[in-house]
Amino acid sequence: MSIILDHINYIYGADTPLAVKALDDICLQIPDGQFVGIIGHTGSGKSTLVQHLNGLLKATSGHIYFNGEDIYEKDYDRKKLRSKVGLVFQYPEHQLFEIDVFTDVCFGPKNLGLDKKEVELRAYDALRKVGLPDELFYQSPFDLSGGQKRRVAIAGVLAMKPEVLILDEPTAGLDPRGREEILHQIKELQMKTGMTILLVSHSMEDVAEYVNRIIVMNHGSVMYDGTPREVFSHYKELEEVGLAAPQVTYIMHELKDRGLDVDTDATTIEEAAETVLKALHRA
Amino acid sequence: MGIVRTKELVYEYIRRDEEGNVEGITTAVDHVDLDVAQGEFIAILGHNGSGKSTLAKHINAILNPTEGTVWVDGMDTSEEDKLWDIRQTAGMVFQNPDNQIIGQVVEEDVGFGPENMGIPTKEIWERVEESLKAVGMYEYRKYSPNKLSGGQKQRVSIAGVLAMHPKCIVLDEPTAMLDPSGRKEVIRAVRGLNQVEGVTVILITHYMEEIIHADRVFVMDEGKIAMEGTPREIFSQVEKLKNLRLDVPQVTLLAYELQKKGIPLPKGILTTKELADALMGVK
């Protein structure tokens with residue numbers, strides 16, 4: 001079971017003079033249970049890519065297979081696909097609208113046609129999963145803090161019981177603790193439920209800390225695909241396409257240049273501290 | 001008196017339920033005294049809901065104090081007939097570049113402010129040219145803003161404010177929606193304005209590494225100023241910042257972790273070079 005993208009091309013405004021190629025021959029395989037980070041500069045095709053995965057955009061050419069089935073087949077149930085592949089947009093809190101938090105989270109499963117009891121069970125479960133305290137369930141979503149609103153919006157998607165969760169910049173505009181809390185919760189969710197998670201992010205530090213695999217998008221193509229260590233070892237090439245490595249990676253390179261024998265592939269504070277200590281002991 | 005000064009500034013807003021009945025009063029800014037000298041680079045940190053944006057909105061009279069006074073270049077912001085002078089003196093740049101750009105062409109957008117001030121056409125063009133040069137966007141003057149990247153759009157927004165010849169610019173999370181190189185571009189442009197043009201800068205951000213060059217940092221919590229000092233003074237208090245839901249730059253955190261492991265390093269390291277120098281001394 002997995003998602004397979006087979007030679008996906010997408011052209012905005014095809015057959016018009018303004019045609020722009022947004023995705024260029026993308027071939028990817030995402031197995032179940034992976035935590036994948038997608039990075040790329042503004043306009044590199046990240047959001048276009050993830051919107052293909054739940055059928056919001058249809059490829060100009062190519063095939064997408066979800067759990068072995070071609071989602072572009074004529075009789076494929078694309079409505080079901082959208083409940084299996086949950087997409088949390090940027091600034092999802094702008095989409096909250098109900099009178100209280102609990103009703104808002106019920107909206108998705110209710111539209112799946114489930115009975116009331118199941119809807120409420122799912123909403124409760126989803127709110128617990130994002131770590132929202134019970135006493136906030138009957139508050140207006142508009143009275144919550146930025147980070148809390150965002151959790152409610154994520155819970156709204158989780159309540160659909162997706163097998164794949166896609167988050168498009170879930171931490172933009174949050175304070176450092178808010179960022180950490182949301183990402184920590186997502187990581188825990190992934191470890192406990194084995195859900196596949198795709199995280200689109202502009203924060204290299206966050207991606208390095210949390211994901212197992214990074215896909216780098218550039219001009220609509222996949223530029224790199226590998227573990228954080230592998231991907232960030234190309235930090236010079238990443239800079240040329242508007243990205244960077246986490247700050248610690250630069251620190252490691254500076255230390256190495258000055259003659260301290262550290263592992264320059266360190267991408268998190270923990271790894272960096274360990275390799276610096278080792279190098280100092282050897283020296 | 002400095003360019004921006006607040007005395008005993010209090011801002012309260014009334015929370016209402018759906019029927020419009022008063023539920024309570026929230027004090028968003030609570031007795032804040034601030035004195036910013038002409039030409040300073042000030043950074044304001046604080047978690048979501050700490051009151052920093054509310055404070056910023058007082059500086060160009062989007063909000064008026066409930067109690068206390070705000071002066072901008074000696075003008076009391078509660079005097080309505082000074083409104084336009086105040087807004088020309090203290091310009092504001094917001095988070096989302098797409099909400100701030102109105103022109104079809106970059107140079108027209110930048111000319112919008114001075115045009116509304118009744119500046120003669122010839123001078124408008126001079127101002128547009130110098131403003132775009134100051135943020136490094138002069139080559140893009142004939143472009144349509146929607147062809148630009150996030151960082152470029154945000155620099156156009158800054159040029160638009162700059163063309164009004166403000167003495168002070170307030171930037172409220174200008175980099176929250178940008179990719180790493182966009183963030184770098186904007187911060188470089190902001191530092192240039194401050195150092196080359198002598199414009200007073202008040203920068204609000206959640207990215208700790210953006211403020212290491214500030215002259216003074218204020219940390220807000222519950223509407224009050226909780227900490228004040230140079231970046232080095234502020235960032236040497238790692239635990240206190242974490243308790244305020246904030247963070248320190250990765251290099252500072254790495255140095256802090258190494259210190260905890262017994263490596264003798266000075267407090268409040270801010271740059272890669274400082275850390276490398278210090279570690280070479282240890283070796």
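This is a predicted model: local features need pLDDT of at least 70, side-chain atom pairs count only at pLDDT 80 or more; totals for chains, interfaces and linings use all residues.
**Chain B, with a look at the cysteines**

Among contacts in chain B between residues at least 6 apart in sequence, 62% join residues at least 24 apart. Keep that figure in mind.

Next, secondary structure. Chain B has 10 helices and 10 strands. For the box, think roughly 65 × 55 × 40 Å along the principal axes, filled by the C-alpha atoms of chain B.

Now burial and surface. How much of chain B counts as buried? The figure is 53% of the 283 residues. The accessible surface of chain B is about 12400 Å². Carbon and sulfur atoms hold 46% of that surface.

On to charge. Chain B carries 32 positive side chains and 44 negative ones. The centres of the two sets are 7 Å apart.

Last, cysteines. A disulfide is a covalent bond between the sulfur atoms of two cysteines. How many does the structure hold over all chains? The count is 0. Cys106(A) has a relative accessible area of 8%. The cut-off for buried is under 20%, so Cys106(A) is buried. Cys168(B) sits at 0% relative accessibility, so Cys168(B) counts as buried by that cut-off too.

That covers fold, surface, charge and cysteines.

Technical notes. Residues are numbered from 1 along each chain as its sequence is written. Chains are lettered from A and ligands numbered from 1 in the order in which they are written. Side-chain values use heavy atoms; hydrogens and water are left out. Helices (H or I, at least four residues) and strands (E, at least two) are DSSP runs, numbered from the N terminus. Buried means under 20% relative accessible area, exposed over 50%, partly exposed in between (1.4 Å probe, protein chains only). Contact means heavy atoms within 4.5 Å. Accessible areas come from the Shrake-Rupley method with a 1.4 Å probe; for residues, only the protein chains shown count as cover. Lys and Arg count as positive and Asp and Glu as negative; His and the chain ends are not counted. The place of a charge is taken as NZ of Lys, CZ of Arg, CG of Asp or CD of Glu. A disulfide is a pair of cysteine sulfur atoms within 2.5 Å.
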